[in-house]
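Hello,

Here is the structure we talked about passing on. My notes on it follow below.

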Amino acid sequence: MVDLFEILIGKEGENDYKKKPVIVQGITGKFGSFHTQQMITYGTNIVAGVTPGKGGQKFENVPIYETVGEAVSATGAKISIVFVPAKFFRDAAMEAFKAGIKLLIAIPEHVPVKDAMAVLDLAKKKDAIMIGPNTPGIIVPGIIKIGIMPATPFKSGRIAVLSRSGTLMYEVSHNLSLANFGQCVSLGIGGDPINGTTVIEAFDMVRKLPNIDGVVVVGEIGGDAEELLAQHIIDSKFDKPVVAYIAGRAAPKEKRMGHAGAIIYGTYGSAESKVSMYAKANVPVAKRPAEVPMLLAGKIGGKKG
Amino acid sequence: MRLLEYQAKSLFAEFGIRIPKGLTSTNIEQGRKDASIIGFPFVIKAQMAVGGRGKAGAIQKCHNLDEFELKYPEIMQKIVKGEKTKAILLEQMQEYKKELYLSLFLNRSKRCYTVIASSEGGVEIESVKNQIIREVGLGQVDKNTAEEVANAIGLKNNSVEEFVNLVQKLSKLTVEKEAELAEINPVAILNDGTLLALDGKVIIDDNAMFRHDELRKFQEISELEERAEKNGFSLVELDGNIAVVGNGAGLVMSSLDMLSDHGGKPACFLDVGGGATTETVYEALTLISRMKKVKGILVNLYGGIVKTTTVATAFIKAYENKLVDIPVFARMSGAEADKSKEMLKDSRTKMFDTVEEAINAAVIGVNKSG
């Protein structure tokens, strides 16, 4: 399995350490162009864009290519962020993995489940990582931002934030930053039923980081990601503090609450089920985002990032 | 999108799965005609997207015309777990020797389709005993796996081959129609060993609907929810009196939770969506203004892709056009929050620094106004 942080940041001594090259698929679209500017401002090393029909042009001084293959050959990039509409996502993502992309950040919302599964199947065969779809992206504060998140909520530090919701990732990170708990990474899992990187996989990616004091997991109703993670924390005897937040306690059953994945069938996906599993894993669950840093402080004690 | 039983069964029939003879009506005049075609005795089944219909009396046997005249209107008026009867299915009564359970669903955590079968059907899945569970990958179920499942649930003789066929047909339906769930519960084993789908539940992936125009006819979303979808925001109607508006599904759900914790009653869940513009937010406010039950609006924004000023501008326009005349309690943070606060300073919108304060004020304010 490839290592997320080796792709994202690299190793000391490498020429592009902490400034890994990134390709933007759909760079000329409304969102793609806006967020490309935002990422460049943050310091992310955007080296190429891909928009079929616009090869040879430039956007913000970034060269545009016809295909991901051409962009990869020209730049050697292993990371791509995809902004295409949901119905074109499958082809765009397949093209990226075939061209050798090892980390794909999948922004589009409303990708059909069948397409997400097919793309993920290829990613696994190519030993590559997909984050999303329907993710705000990933940020290592102060180093690299690949996504659509605003920069202001995040501050460099020693807490890892994993979130199934975009704006809640900003909200919780913002609350953590205010309480002086900076983040070593904030990663959006995505609000869809199929996650390229599941909560558990993301947890395993961050748990071994040397600079980590604790993990905050922002979840919501629907599916069983939280239940499985709680069991995983117990089984793997993770001994650093984990604090959770779950949105949707007041949501009615069998109603899709905005996110495709946020729906309760019977007790499957309910907040009660998640809270009770977390209790077994000794993971406190905050009632509101502002409570997250308080619970974390309670677990970490005097130590702060 | 969850299909009603008769809709699910029409898909079953399309894929060659045997179903009982049945007809669907929405009024008793049509129902009488259906009854004469099917012939007594038959079963009257309320069509509603909810489980537990049998226990609630929304499915009843009917032996003669007197019974029919009594039961049809009764079942038409049924409300089970908040769901109203949408139509009535009259279905031929069947004799059978045993009930099985069979479903195919999209296993999110394993990221593949999964078959569940049991020799004990007819009850809700949570109470189905002796479940045989097989993960079957992304494509259709192969013959060997289907045979293995048939044997595992103890089928004998011609029922094995019948079951293998049934699994493969249901699997074809699941893959081709992009279903998240296709369930037959119960599958009846008739006296001659053949199988029949007595009930059906199918949930289609909403995100794949753009490839399935043929399923549009089954779509039954409220006018409000449809307009919301067209404008790129998500709206779910709820029973309370405070509309909850925000950006991002998680943030809106979180606001809903906190509002409920404080004794407030949410009237709707409204996520303006990542592509919100002043126009779409204005459209959202138009929809809210038509919901008579709404006595106040709670706004919780974390400006990012969607700037808070986009929303603030929509509110100012709504005040100018006298679209919104109820109190608004808002918390805005993130992109251009200070500017938004300045814009809304002397308006109907009361601004708060934290969502907790906004919620407190909303609950008190709305309760006071009755």
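Which domains does the domain assignment give for chain B? There are three entries: domain 1 (21-92), domain 2 (98-214) and domain 3 (223-368); such bounds come from an automatic or database domain assignment. Between the C-alpha centres of domain 1 of chain B and domain 3 of chain B the distance is 41 Å.

Before the rest, a note on the source. This is a predicted model, in which local features need pLDDT of at least 70 and side-chain atom pairs count only at pLDDT 80 or more, while totals for chains, interfaces and linings use all residues. Residues are numbered from 1 along each chain as its sequence is written, and chains are lettered from A and ligands numbered from 1 in the order in which they are written.

Chain A has domain 1 (4-131) and domain 2 (152-300), with C-alpha centres 26 Å apart. Twelve residues of domain 1 of chain A are in contact with eight of domain 2 of chain A (contact: C-beta atoms, placed from the backbone, within 7 Å). On the domain 1 side, H1 (4-8), H5 (113-125) and S7 (129-131) of chain A each give two or more residues. Helices (H or I, at least four residues) and strands (E, at least two) are DSSP runs, numbered from the N terminus. H5(A) has the largest share of that side, five residues.

The contact between the chains takes 48 residues from chain A and 39 from chain B. On the chain B side, the elements that give two or more residues are strand S13 (234-237), helix H7 (249-261), strand S15 (266-271) and strand S16 (296-303). H7(B) gives the most, eleven residues.

In helix H2 (residues 28-38) of chain B, Gly31(B), Asp34(B) and Ala35(B) are buried. Here buried means 20 or more other C-beta atoms within 10 Å of a residue's own, exposed 12 or fewer, and partly exposed in between, with C-beta atoms placed from the backbone. The buried residues of H2(B) fall within an arc of 105° seen down the helix axis, so they line one face; the arc is that of the directions from the helix axis to the C-beta atoms. Glu29(B), Lys33(B), Ser36(B) and Ile37(B), on the other side of H2(B), are exposed. Strand S1 (22-25), helix H3 (65-76) and strand S6 (87-92) of chain B are among what covers the buried residues of H2(B). Just after H2(B), Gly39(B) has a positive phi of about 85°.

Regards

Technical notes. Contact = placed C-beta atoms within 7 Å.
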